[in-house]
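Please examine the structure shown below together with its sequence.

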Amino acid sequence: MRAVVQRVSQASVTVDGAVVGEITRPGLMALVGVTHTDTAAEAAKIARKLWTLRILEDEESCSDTNAPLLVVSQFTLYGDARKGRRPTWQAAAPGPVAAPLVDAVVEELRALGAEVATGEFGARMSVGLTNEGPFTVVLEV
């Protein structure tokens with residue numbers, strides 16, 4: 001499982017002109033990708049990592065400051081463009097595998113006490129954010 005995590009002052013996801021998820025104060029935006037071999041254990045591990053990752057202002061985490069997170073599924077994190085100019089998505093898990101695991105990340109974060117907004121799995125989403133720093137980290141578990 002992979003996540004691209006950005007420290008943001010705000011972020012939102014829009015589907016068909018309607019906001020489906022947003023955070024309106026400083027927190028983290030996490031694009032989460034799933035591969036074929038991922039399990040609920042990896043989902044729980046990456047959720048704990050997101051919750052305790054010390055990349056907010058003054059090296060604090062969401063768990064330290066109760067900062068919100070916006071979690072969006074992102075199959076393209078497993079794209080491979082090493083050959084040619086057109087990426088292959090073979091390493092990305094199909095929707096029936098990936099959707100429950102992205103949901104498991106969100107559920108685990110909420111169980112830890114996090115305020116979590118989400119995108120809409122499989123939808124064509126417009127993601128807007130203000131990256132603070134800028135600060136972006138890639139996580140892999």
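The model is predicted. Threonine 35 is placed in the loop that runs between β3 (27–33) and α1 (40–52), and aspartate 38 belongs to the loop between β3 and α1 as well. Threonine 35 counts as buried because its relative accessibility is 14%, under the 20% cut-off. Apart from residues up to four places away in sequence, threonine 35 touches Tyr78, Ala91 and Ala93.

Aspartate 38 is also buried, yet it has no salt bridge. Arginine 2, the nearest side chain of opposite charge, is 8.2 Å away, whereas a salt bridge requires a separation within 4 Å. Which backbone nitrogen does the side chain of aspartate 38 reach at 2.8 Å? That of methionine 1. A polar atom of the aspartate 38 side chain also lies 2.9 Å from the backbone nitrogen of threonine 35. With neighbours within four places in sequence set aside, the contacts of aspartate 38 are Met1, Gly33, Tyr78 and Leu101.

The helix α1 comes next. Its 13 residues should span 18 Å at 1.5 Å a residue, and the end C-alpha atoms are 18 Å apart, so the two values agree. The buried residues of α1 are Ala43, Ala44, Ile46, Ala47, Leu50 and Trp51. In an α-helix there are 3.6 residues a turn, so residues three or four places apart point the same way. The buried residues of α1 pack against the strands β1 (2–15), β3, β4 (69–73) and β6 (126–140), and against the helices α2 (62–65) and α3 (95–111).

How values were computed:
Residues numbered from 1 in each chain as written. Predicted model: local features only at pLDDT ≥ 70, side-chain atom pairs only at ≥ 80, totals over all residues. Heavy atoms only, no water. Helix = DSSP H or I, 4+ residues; strand = E, 2+ residues; numbered from the N terminus. Buried < 20%, exposed > 50% of the residue type's maximum accessible area, 1.4 Å probe, protein only. Contact = heavy atoms within 4.5 Å. Expected span 1.5 Å × (residues − 1). Lys, Arg positive; Asp, Glu negative; His and termini not counted. Polar contact = N/O pair within 3.5 Å; in protein donor to acceptor, adjacent residues only side chain to side chain.
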